[in-house]
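Please look over the model below before reading the points.

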Amino acid sequence: MELTKQQFTEDLRKSLTQNFAKTTKNANDQEIYMSLARVIKGYYSKIWLEDNEYKDKTAAKQTYYFSIEFMPGRMLKSNLLNLGLLQTVRDALADIGSDLDKISENEQDMAIGNGGLGRLASCFMDSLASTGLPGNGNGIRYKYGLFKQRIIDGYQVELPDVWLTNGNPWEVRRSDKAVEVKFGGNVWMEEIGHGRYTPHFENQETILAVPYDTAMVGYENKTVNNLCLWRAELPEGSEVIHPSLDYMQDVDTLSAVLYPDDSNYSGRLLRLKQEYFFVSAGLQRIVNHYLNLGLPLPRIPEHVAVHINDTHPALCIPEFMRILIDEHEMSWESAWQLTVKTMSYTNHTIMAEAMEKWSEEMMKSLLPRIYQIIVEIDNRFAKEYIPKVGPSLVHNTRIVKDGKVHMANLSIIGSHSTNGVAKIHSDLLKDVVLHDFYIIFPERFNNKTNGIAERRWIQIANEELSGLIDETIGKSWRKDLNDLTVLKAFQDNDEILNKFEAVKFHDKERLAKLILEKNGITVNPNAIFDVQVKRLHAYKRQLLNLLHIMKLYFDIKDGNAENMVPRVFIFGAKAAPSYQYAKAIIKAINEVANMINSDTDVEDKLKVVFLENYNVSLAEQIIPSANVGEQISLASTEASGTSNMKFMLNGALTIGTLDGANIEIKDAVGDENIFIFGMNKDDVLEYYTNGRYQSTEIYNSNPILKRILNAFVDGSIPNIENEGREIFDSMTVYNDEYFVLRDFDSYVETQKRLEDYYRDRHAWNKSCLLNIANAARFSSDRTVREYAEQIWQINPR
Ligand code: NBX
């Protein structure tokens with residue numbers, strides 16, 4: 001939008017006076033942030049209103065992305081960038097003696113997600129708006145986001161994330177759009193003639209769902225979509241008869257906390273309540289809005305697509321059926337057709353422990369009507385498909401069995417599309433994990449490789465690199481990332497390569513400063529910055545990284561590292577609070593870090609840094625400065641990964657396995673520009689089928705590994721008596737579930753090759769440039785366009 005510095009400064013002054021009775025002279029940074037955010041909201045709200053009117057007028061089809069997690073991070077700079085105001089506001093603030101970066105730090109990260117799945121949802125929100133696609137989010141407004149992580153004595157300690165204390169300036173509470181969501185009680189069916197039944201209810205608990213809307217502003221266009229987050233409250237009128245304290249507390253807890261488990265299923269009642277709560281509220285609002293436009297219900301799939309982000313919102317399927325049948329008297333057959341046409345589903349993991357399976361008893365007592373509908377869906381599925389595909393296939397794919405409701409089965413049967421998030425992952429779904437479904441519904445399966453919102457991950461996170469790209473190839477890449485391919489023309493231009501190296505060096509100096517401030521560790525910006533940032537999980541194998549660090553440490557101690565290129569290993573990772581093994585690894589990383597960082601023999605050859613509380617805003621500070629990104633999950637376990645794409649876009653080289661999107665990154669950059677090691681998925685599957693892995697054989701025959709693993713239990717690494725034992729046993733007694741030892745040698749060799757390559761500055765810089773130049777296919781703009789065309793059938797404005 002068009003705006004002069006003077007106009008903006010005037011608006012900010014006004015906002016400071018109106019909101020805080022302050023001037024630019026005596027306001028503190030928090031007050032400036034709040035006033036600034038309100039000014040910005042004022043600017044985009046006009047576009048928001050106009051786009052809503054446009055959407056209503058055209059009744060064009062819209063997508064609603066249902067996700068129990070979102071992780072937008074900070075909104076201020078993103079909104080400024082997308083409105084085209086970043087530079088104007090930066091300059092205007094400088095004029096009044098203020099600094100945008102410092103002001104921005106007063107914004108609490110909106111961290112209502114765990115990791116990959118939630119961050120992907122937010123990248124999609126940015127990309128949908130920025131590609132002009134009508135696509136909205138639907139989720140829960142948790143009062144407390146993902147816990148804040150502190151490291152105390154090397155241990156993870158979890159603190160509550162009280163992100164709403166100062167208020168959230170971006171949200172709009174819409175009381176007029178509140179709806180009621182009902183739980184429990186009894187339901188019985190009454191015949192109303194012509195073989196039709198209507199449900200009756202008694203003793204239900206009613207909760208009011210109040211939506212809070214946040215504008216998702218498109219990049220330099222006219223689109224503003226909506227992220228709708230629901231809060232649980234006491235229903236209106238409940239002041240007449242004072243409700244029980246238990247009930248009041250129930251209402252309060254419903255939207256209070258995000259479950260802190262990533263890739264793990266917890267069959268807790270409150271979680272099921274949360275799932276139904278945001279599903280029911282979201283669908284009610286969509287249907288109400290649709291009917292208010294005067295459109296006929298049987299045509300709803302022409303105007304509405306509902307996406308189920310993993311199985312947490314799978315209750316969309318029976319709830320949509322309930323609304324159509326019970327509230328709008330539609331026949332089962334018609335309602336089912338509309339439901340399947342409207343719904344689509346993404347799977348994000350093949351980890352067995354993540355698969356949601358609710359006990360029938362719980363489902364029946366909490367959601368009696370939904371349970372009935374699920375059973376009916378299941379029975380009709382069996383009746384229709386046994387004659388077509390036989391009883392055994394139907395048995396394997398049934399929704400209700402062994403006393404459980406299988407949510408993935410419900411999602412596939414009740415939708416027209418099931419996709420994985422990278423080629424290898426979608427293939428594994430078809431060939432292995434969901435093979436029986438694939439036989440029944442081959443046309444429903446497809447792949448949508450993940451992507452990242454390039455605006456946040458380079459334009460905002462790495463302004464200096466963005467500036468250099470502008471200088472080199474012009475600015476068009478900011479609108480269309482495909483234009484980065486023009487950089488290929490400079491791959492042998494040393495003058496340009498040196499400039500890219502210089503930018504990376506500045507980024508590393510900045511991170512070095514942060515590390516000194518936060519951890520009191522001095523690191524050398526000339527060292528290789530080698531980074532692994534992601535949730536802590538055994539399958540992601542942070543331990544493999546740590547074993548390699550120990551190898552380097554012993555090399556130094558033994559005097560075998562004279563010519564080693566100095567390295568700084570940087571970790572960021574939260575562990576689920578109940579995931580003891582993951583917490584043991586965090587403790588071990590921190591104790592190894594203490595040991596190495598304080599050993600004077602090591603000098604600055606090797607440093608290990610664990611940065612606490614990894615989240616979106618910290619990622620924006622870490623990723624630009626990486627030389628190497630670690631993507632070392634066991635092949636076949638990481639569905640896609642998305643930090644791999646962020647590193648690539650910021651000119652870091654990947655060391656990784658043939659897993660997730662690493663494979664597609666390798667295809668994009670070529671073998672010379674990535675470091676691949678270890679088993680591939682077929683090697684792993686082969687071990688699974690023949691069952692012949694014996695980790696102790698490797699332990700006993702590999703003296704280097706033996707020495708490293710022994711260090712975890714013989715006191716060489718101090719202060720990890722219990723954790724060291726747990727880790728040691730996992731590698732030996734419990735047969736190393738994720739083949740860390742099996743891939744160790746290959747990893748070490750590849751790390752060595754990487755180190756040698758780093759010495760050749762021209763070759764290294766060229767590879768970095770080629771990673772950037774080939775990053776466009778990992779833009780989430782590309783991903784959402786594919787969803788839009790192939791699954792949702794929605795068009796850009
Ligand atoms: O989703 C992640 C995957 O692990 C990543 O490989 C992928 O890049 C990312 C985005 O597609 N998955 C994730 O964050 N969570 C879950 O998959 C999950 C599944 C079930 C559950 C809890 C979490 N109960």
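**Notes on the ligand site and domains**

1. By class, the shell around the ligand holds 6 nonpolar, 9 polar and 3 charged residues. Here Ala, Val, Leu, Ile, Met, Phe, Trp, Tyr, Cys and Pro count as nonpolar, Asp, Glu, Lys and Arg as charged, and the others, Gly among them, as polar.

2. This is a predicted model: local features need pLDDT of at least 70, side-chain atom pairs count only at pLDDT 80 or more, and totals for chains, interfaces and linings use all residues. Residues are numbered from 1 along each chain as its sequence is written, and side-chain values use heavy atoms, with hydrogens and water left out.

3. The ligand is surrounded by 18 residues, the closest being Ser263, His348, Asn450, Glu638 and Gly641 (near: a heavy atom within 4 Å).

4. An N or O atom in the side chain of His348 is 2.7 Å from an oxygen atom of the ligand. For Leu117, a backbone N or O atom lies 2.9 Å from a ligand oxygen atom. Taken alone, the ligand exposes 530 Å², and the protein buries 97% of that (Shrake-Rupley method, 1.4 Å probe).

5. Why does the ligand lie between domain 2 and domain 3? Both domain 2 (59-74 + 109-450 + 784-792) and domain 3 (462-778) give residues to the shell around the ligand, so the ligand lies between them. The domain bounds come from an automatic or database domain assignment.

6. The centres of domain 1 and domain 2, taken over C-alpha atoms, are 34 Å apart. Their contact takes 26 residues from domain 1 and 36 residues from domain 2 (contact: heavy atoms within 4.5 Å).

Key. Polar contact = N/O pair within 3.5 Å; in protein donor to acceptor, adjacent residues only side chain to side chain.
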